[in-house]
Amino acid sequence: MTHHARAAVVLGVLALAGGCALQEPYVRDNHWDPRSSATKSLSGPDSVFAMGDTFRVTLQADPPLPPGAFYTWRGNEMYEGPPPPTLVYPAGDGLFRVVSSTATFEVIAVSALFDGVAVSRQVRVGQRVQSYTFSCGVACDALTWQAGTSRSVSVLAADANRVPIRRIEVAMQRGSWLSRDPAVASVAATTANPAGTITISAVASGTTWIVVRLDRAVDSLRVVVP
Amino acid sequence: MRSNRWLPLFVSFAALATGAPRPADAQATRPPLRPDSTLAPGPTGAGFAAWRTMIAERGRTGASFLIDADRYQVLVMTPMAIDALAADSLIAKATKGCQRALSLSDAQVEYTRAIDPWAAFDSAAFARPLIAIAVFPKEQRRFDCHAGDLARFAAMSRGALYGRFDAPVPKDQVAMVEFRRDGLLEFAPLQGRAKVTKVSQTELLDDGTEHVRVWVDPEAFAPDVEGAVPRLELHVYNPVDPEPDILPLPERLIRAVWQQMLPWQARRLDVADDAHTVPALHFPAPRDSVLRVAYAAYERGALGTAASEAMTRLMFRPRPPQADIRHAMLQAATAFSMRDRHAEARSLMTDIMEVYPCLTLAPEAPQELRDMAEDARRPARCSSIPLPVVALRSLVPGLGQATGPVRRKLALGVFAGTAASYGLASVFESRSRRFYRDYRAYQGGDSKGSDAPSLYQQAQSAREVGNAFMIAAATVWIAGGVEAVWNEYQHKRRLAEVRAVGNTPPRAAGVSFAPMVRLDRVGVTLQLP
């Protein structure tokens, strides 16, 4: 065997031996693979308290997503049966819109879907009372209160987007009301009700204020008992 | 070693029609149904009856040979084979085996036990060493239900065939058989014919079909002084055609028949010359107890007894150790050579050299024997390669095996096995990488039906298959290297065993123990000086 041939054989053997390696299992790092080791998360607001509000969530991925990656956003728009009282629709690119909500604060999951893989964030969605007015049938200042009589006063509440509060009784459960001078007028122990009414009783002559707090809205009603 | 292949030999070949003239008085010379007389032992058969009786008592040995031709079947039997097939139980076993397939009754099975049309002939030929050749019409639709070849051959030796049969056609019948050596008609001391019993569906049929046997002298099978196997033919005449079917006997069959008779031939060496002649070649004492007796006879110069005992032992199981067989055959070859029976010696040397092509005899060996060994020597690698070199060569798959033409296929097999496994491993690895690239590139929304998990699965599966092939390649490679080293080691050892054989000094007197296995006992022999 010549010197060159021997060298070729040795190189061939070394190449063969070098190639004779067992390969380790591949790394699973594709974001669309349910068993992937890649991580994803959504960041954004924890809660939204007005119907019609929009909010945006942001997707973080490690490794970073390639440009043009295909995934879809999902609120709770997919449902079976009657529509739920709280509805959050995706508006694209991480933007969501509260289409429907009530005074009940519900936890809604918004997601980004990578084929069968979902990354979600939970958001509290509901209507919080931002403002309200008393409704007394006539102008409340014009009401005459006779000692020993009671009157019902309605509360007309709205959220930050001036959308009337739905299921006001839930907001009433969270609320409080009191009389500055119970010797003049008192607020009856009122149960939460869908009409949003409270009952005020005139006790004795005098003037006092009835203070009502619903979520962050506080207002007073002047009662004058002749 | 060929002389130890006492196994049935099945040979098929086409009968050749030739223009050999038919004897004018063929019909008139049809073999008889009964023997005319009892054959005397003859000049070469003195003591043969007692010897074959002794062989038969020691156990069943001797193989018969069946040849399938176009129109005929030929069963060739040595006297030992005839004795081995003689038991009534064997034909009963064959029939019993076919009982269900042929819907036979128990009475019919039992009846076949009594079929023995050749009893008178066998008795007449008993005292003379003769080879019996039976020619049958070919079985058309044979049933292989005979509970083994031995039972089938035993049944055939009595003229019983099993299966479905068409109406006999004269052209396919056997009227007469001639036995020719190198074209010349050989005298058959005995010949006869007998009916064929056709064991068919629900019946034992006798439709007039006959088969013919001729008994010929074993010398007809002897090779010439150059060791060449003679050309033996059977000329089979049917009742209507003037031309015979010519059935040449295969060379292997001729050699096997001849070798079966060698123990008897050896027996006659001492009769020819009673003077003991101590041979110049000496071999190690065998471990086998019977061969030890032969060895002792050899060492004291009783060459015929030694050769006969040794070769008779080789006819029976269990087989002695390989070295014992080799030395026993060399002793027999030496014995024949020293008695100027060069044809037999050459035949044995040919068999020995076929297995041990690198065997060399000690300088003390007779020149004739050495010449025979050289003549029979076939090309072989009779040198060894240092084991470290073989190990280094094995780094190239198959190169460790490429030590000679005999192992070329194995070398190519190792090389091809390693290369193919490695190639497949590479193909699958490449395929797996392609899948993995697709997996990494997958960004969802694929409309081809593939998704990330399935792409990963395909990539990983292909990688695992590739790994399996890589393991296979490494296994073949390493196993090839180990085999090459081991084979070379064995080759070296075998070469040492067969180098200058025959120069072992006669064993000094002393007490020795040796394991003993015989047909009827197992134990240890104690040999005293």
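In chain B of this predicted model, helix α3(B) is followed by Ser103(B), the phi of which is positive, near 55°. Helices here are DSSP runs of H or I with at least four residues, strands are runs of E with at least two, and both are numbered from the N terminus. Residues are numbered from 1 along each chain as its sequence is written, and chains are lettered from A, and ligands numbered from 1, in the order in which they are written. In this predicted model, local features need pLDDT of at least 70 and side-chain atom pairs count only at pLDDT 80 or more, whereas totals for chains, interfaces and linings use all residues.

Helix α3(B) comprises 15 residues, 88–102. From its first C-alpha to its last, α3(B) reaches 20 Å, close to the 21 Å expected at 1.5 Å a residue; the expected span is 1.5 Å times one less than the number of residues. Buried residues of α3(B) include Leu90(B), Ile91(B), Cys98(B) and Leu102(B). A residue is termed buried if 20 or more other C-beta atoms, placed from the backbone, lie within 10 Å of its own, exposed if 12 or fewer do, and partly exposed in between.

Chain B as a whole contains 16 helices and 17 strands. Of its 529 residues, 45% count as buried. Among contacts in chain B with a separation of 6 or more, 74% are accounted for by residues 24 or more positions apart; a contact requires C-beta atoms, placed from the backbone, within 7 Å of each other.

Strand β14 (residues 232–237) of chain B is mostly covered, with five of its six residues buried. Strand pairing requires at least two bridges found by DSSP. Strand β14(B) pairs in the antiparallel sense with β8 (residues 176–181) of chain B over six bridges, and Leu232(B) in β14(B) is the bridge partner of Arg181(B). Four bridges also join β14(B) to β15 (residues 245–248) of chain B, again in an antiparallel arrangement. Here, His235(B) has Ile246(B) of β15(B) as its bridge partner.

In chain A, four strands form an open sheet with the order β2-β9-β8-β5 and mixed pairing. Its edge strands, β2 (47–48) and β5 (72–74), each pair on one side only. Strand β2(A) runs parallel to β9 (residues 117–125) of chain A, joined by two bridges. Val48(A) has Val125(A) of β9(A) as its bridge partner.

How values were computed:
Contact = placed C-beta atoms within 7 Å.
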